[in-house]
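Colleague: I would like a close look at one part of this assembly, the place where two neighbouring copies meet. Please take it step by step.

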Protein chains: 10
Amino acid sequence: MAEETWHELEVVPNKYRDRDYNVNISIPEFTCVCPRTGLPDFATIVINYVPDKYIVELKSLKYYILNYRNLGIFHEEVANRILEDIKRIVKPRKIEVTGDFHPRGGIQTVVTARWPE
Amino acid sequence: MAEETWHELEVVPNKYRDRDYNVNISIPEFTCVCPRTGLPDFATIVINYVPDKYIVELKSLKYYILNYRNLGIFHEEVANRILEDIKRIVKPRKIEVTGDFHPRGGIQTVVTARWPE
Amino acid sequence: MAEETWHELEVVPNKYRDRDYNVNISIPEFTCVCPRTGLPDFATIVINYVPDKYIVELKSLKYYILNYRNLGIFHEEVANRILEDIKRIVKPRKIEVTGDFHPRGGIQTVVTARWPE
Amino acid sequence: MAEETWHELEVVPNKYRDRDYNVNISIPEFTCVCPRTGLPDFATIVINYVPDKYIVELKSLKYYILNYRNLGIFHEEVANRILEDIKRIVKPRKIEVTGDFHPRGGIQTVVTARWPE
Amino acid sequence: MAEETWHELEVVPNKYRDRDYNVNISIPEFTCVCPRTGLPDFATIVINYVPDKYIVELKSLKYYILNYRNLGIFHEEVANRILEDIKRIVKPRKIEVTGDFHPRGGIQTVVTARWPE
Amino acid sequence: MAEETWHELEVVPNKYRDRDYNVNISIPEFTCVCPRTGLPDFATIVINYVPDKYIVELKSLKYYILNYRNLGIFHEEVANRILEDIKRIVKPRKIEVTGDFHPRGGIQTVVTARWPE
Amino acid sequence: MAEETWHELEVVPNKYRDRDYNVNISIPEFTCVCPRTGLPDFATIVINYVPDKYIVELKSLKYYILNYRNLGIFHEEVANRILEDIKRIVKPRKIEVTGDFHPRGGIQTVVTARWPE
Amino acid sequence: MAEETWHELEVVPNKYRDRDYNVNISIPEFTCVCPRTGLPDFATIVINYVPDKYIVELKSLKYYILNYRNLGIFHEEVANRILEDIKRIVKPRKIEVTGDFHPRGGIQTVVTARWPE
Amino acid sequence: MAEETWHELEVVPNKYRDRDYNVNISIPEFTCVCPRTGLPDFATIVINYVPDKYIVELKSLKYYILNYRNLGIFHEEVANRILEDIKRIVKPRKIEVTGDFHPRGGIQTVVTARWPE
Amino acid sequence: MAEETWHELEVVPNKYRDRDYNVNISIPEFTCVCPRTGLPDFATIVINYVPDKYIVELKSLKYYILNYRNLGIFHEEVANRILEDIKRIVKPRKIEVTGDFHPRGGIQTVVTARWPE
């Protein structure tokens, strides 16, 4: 696992682009690092999108998620940043990203971002 | 189980066609093959439709699902293809098909297609 | 249990007919017979209605459900027929009937009919 | 427990009456008596209301519910009667009352009344 | 734990303020004191808001919740007061606060306030 | 429901008394009265016994349980008293009685008595 | 479904009789008739046995269970009678039969018989 | 709530002391304070004992548990200390105390002490 | 996926063979074919063993399970045959294999074999 | 998070060493790296031990678990290695360690080691 390299998302052509259909992807094994304490955070990430010309290639998504493993990043940023990256590369018709983080100190946060709003 | 033959869907007349009512069919034992790795995939398929002149004959549906057992096909295609086949043969007033696939590499995908959108 | 006699539904006056309120009745012990195989089918029937002048008398409903115990009838017909019988006798303002059948051959069906649509 | 006396509901002033907010009260220990058989019935009562000038005083509600313990009353009446009593005394902006009764003879009923409809 | 001092909420800048996104915070370890009996009450507090210029700093929220530990306060006030404090300091675009209190005497209450209504 | 009369348990002959087999009876609708506060208590009673010459007649058990509805009695006594009554009348080979009471003031008690110990 | 004929259990040879292994069979769709009221009873039957020379042929078991559909029989007898029939025909090394009946009048019974005790 | 005073446990006579029976008490609303951080800890305490001459008076237990609300104490000590106090005052024949603490930093601890071992 | 070739189990050396420890493997995606009807069966296989010199190589186990995908075999044989194969190749100190099959015709079977008995 | 440094476990004195009591620690956020693929693995680790002179200091345990985050190690080794480290440093009277790993390729493994066996 080379943390030094950033794994970019890849796409494959969408064979059913004449139809608006929905792809929902759950990733219960997301982990990153708290930028203040250096301790790990854990979350389930859920990506929900309607593809246009492309669909996310799932193996590249698995490696893309690895980028965050040793990255210091706040909860509120995680969902927004994943949304931005998928928007830029997969160019979906619409997309929603949710990060449901494990409790810390008895407090659990869920951040949800979508485009278009 | 003859994989060589494609089992076609069959229909029976709908006795209550003066009413829009809903038929929801769950198939938790769907399995197909990943076209890249040759390894099996597993999913629950849910079909939800409003019948017009016909309803799906359930025994033919059981054999139709068997067609996929040794077929190489991507997740995104499964839901769209089942939707197309039921649309063509059963001619429902409306229909939605969902494929909820078992996780692979910690990533779970659910694909949902409907007609009319 | 006399299968030969058909038990008719009975009603009692609705004391609160100046108000639209909802009565939801669940019957998890519904059983009938498959007309093709002669083998029993099992379902949960859910009746949801807004009463007008009458409410269903619950003891007569219990006997009405017994009518189906040794009757050969398809899944799609069960929900539609119960809806028709309640409409005719109880004359509700609106009604929905759902039949959620136990899986057969790995396939589970849920049929939902409502009036007015 | 004095069944002879009817315990009336009491109210306390609502400190946040410039805002429409919601109070939801669940009472899983409701019991009354079937007027036909004299046998006890059990239910969960759920009261959901938006207070105006008053909120329900919870201790008086506990005693109010005791009124029903040895009272013969039908399922359909329970939800409607509690709604009427709260409307008359607490004068909420809106209210919904649900009575979810334990099954009898394999049949479970849930009665829901609301005001305004 | 110094009950004498009131811990004020703190904020951090919202990096994604060009987008309406949602932050949901669950606090299952809320406890306060009943002003009548002096006995402790327990609740799960859920805060749901769309940030504008700021997001809640989570560590300050943990200490803010501690303010209530030995404070006498009614159920209906808790949700409304937390809403007011966050509105004043975090200035969200919209917010909803729910307090789901543990049952007392077989009665459970859930209070929900939102702004704007 | 005549609280004045004590309903005695009744028995029927055990047709399989040459075998030690087990009868487990759950009664989730038990209610009695707290002798201190006069307020109702609720519990699930579980009776587990190996019959000898007799089995409990279930309808008489339903009425026997009604005896407690308006009776003031402590939690610890309920399980012991039901055990004594069944021992005296049904004369089982062995028996265990459990009373699992709904929480009061955040405290839940479960009392279990058996014979022979 | 011919209620007049009694369907006998059938067996097939056990290929692994040099080993004590366990077969556990659950039948959640058991139904019979109460001999007093003529009303149907419902139960889950669980059969657990160690085969000797034979194993139960599962299709014959399905028809054997049908024998009870319109038969008047008490709860306590059901488990004992199924145990006797399997003992006589399948001749297992050991066996346990449980009948877990749906509640009637708020009372649920589970009867468990085993051989050898 | 007077934290300054220590609330002692009280007992009532055991009416069934000729029998070994079991009393199980669950307290899901236990809270104390971490002696290092001053932050609150939460736990479910379970007390399981066989009474001898006395049973725990439940109202005094509720107040006894309040003693810990603002007390700094480690997880491992809580279960052992409650066990010692009940042993000293209630003098049970045997007793087990479990403290199941809410996770902190992703780590959950459960401490179980019993006497006699 | 080449059904024609039988995939043999492979092993790796056990680094902790001076200790009896337990390895439990669950495979919820097992499928084979009913030798009578040619229709697929589905099961969860659970393997529980104490390794001696070797542990099962998990990738070879995944391919070994694939052997059954298009193989006609009875429920009772599946658990016994997997046990025999692991015993022969991995030579564990002890082992138990369970096959928990999806219901067919309302009947669910679980077969459990172990060595040594 | 400094992966280069190995965080050693620390201990604190056990105040109740005259008694055998049990400490159970669950860590649902364990993650390490597969030595073959370089991809992350996830597991819940459960440690159950009877302390002698020392108990595990929980904060040091949190950092000790961090040691594994970027370490390549097989499933079977994880449980055995944690057991060895706790045995060496905490010197408990007895201990059991379980590693319950997330499924990979549809296969889930749970490894359990204990001392003394």
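By what turn, and with what shift along the axis, can chain B be laid on chain A? Please go on from there to what chain B and chain A place at their contact.

Modeller: The model is predicted. Chain B can be laid on chain A by a turn of 72 degrees with a shift of 0.0 Å along the axis, and the RMSD is then 0.0 Å. The two copies are thus related as by a five-fold rotation axis. Within chain B, the residue that comes closest to this rotation axis is B:Glu117, whose C-alpha lies at 17 Å.

The contact itself draws 20 residues from chain B and 20 residues from chain A. Between them the two chains bury about 1700 Å², and 51% of that is on carbon and sulfur atoms.

As for charges, three salt bridges are counted between chain B and chain A. One of these joins A:Lys15 to B:Glu77, with 3.2 Å between the closest N and O atoms. On the side of chain B that touches chain A, at least two residues each come from α2 (75–90) and β6 (108–115). Of these, α2(B) gives the most, with eight residues. Sorted by class, that side of chain B has five nonpolar, seven polar and eight charged residues.

The other element, β6(B), takes part in strand pairing across the contact. Strand β2 of chain A, residues 22–33, is joined to β6(B) by five bridges, and the two strands run antiparallel. Within this pairing, A:Val23 stands opposite B:Val111.

Three salt bridges are counted between chain I and chain G; one of them is between the side chains of I:Arg36 and G:Glu57, at 2.8 Å from N to O. Strand β2 of chain G runs antiparallel to β6(I), with five bridges joining them, and G:Val23 stands opposite I:Val111.

How values were computed. Residues numbered from 1 in each chain as written. Chains lettered and ligands numbered in written order. Predicted model: local features only at pLDDT ≥ 70, side-chain atom pairs only at ≥ 80, totals over all residues. Heavy atoms only, no water. Contact = heavy atoms within 4.5 Å. Buried area = accessible area lost by both parts, 1.4 Å probe. Salt bridge = Lys/Arg side-chain N within 4 Å of Asp/Glu carboxyl O. Helix = DSSP H or I, 4+ residues; strand = E, 2+ residues; numbered from the N terminus. Nonpolar A, V, L, I, M, F, W, Y, C, P; charged D, E, K, R; others polar. Pairing = 2+ DSSP bridges. Least-squares fit on C-alpha atoms with pLDDT ≥ 70 in both.
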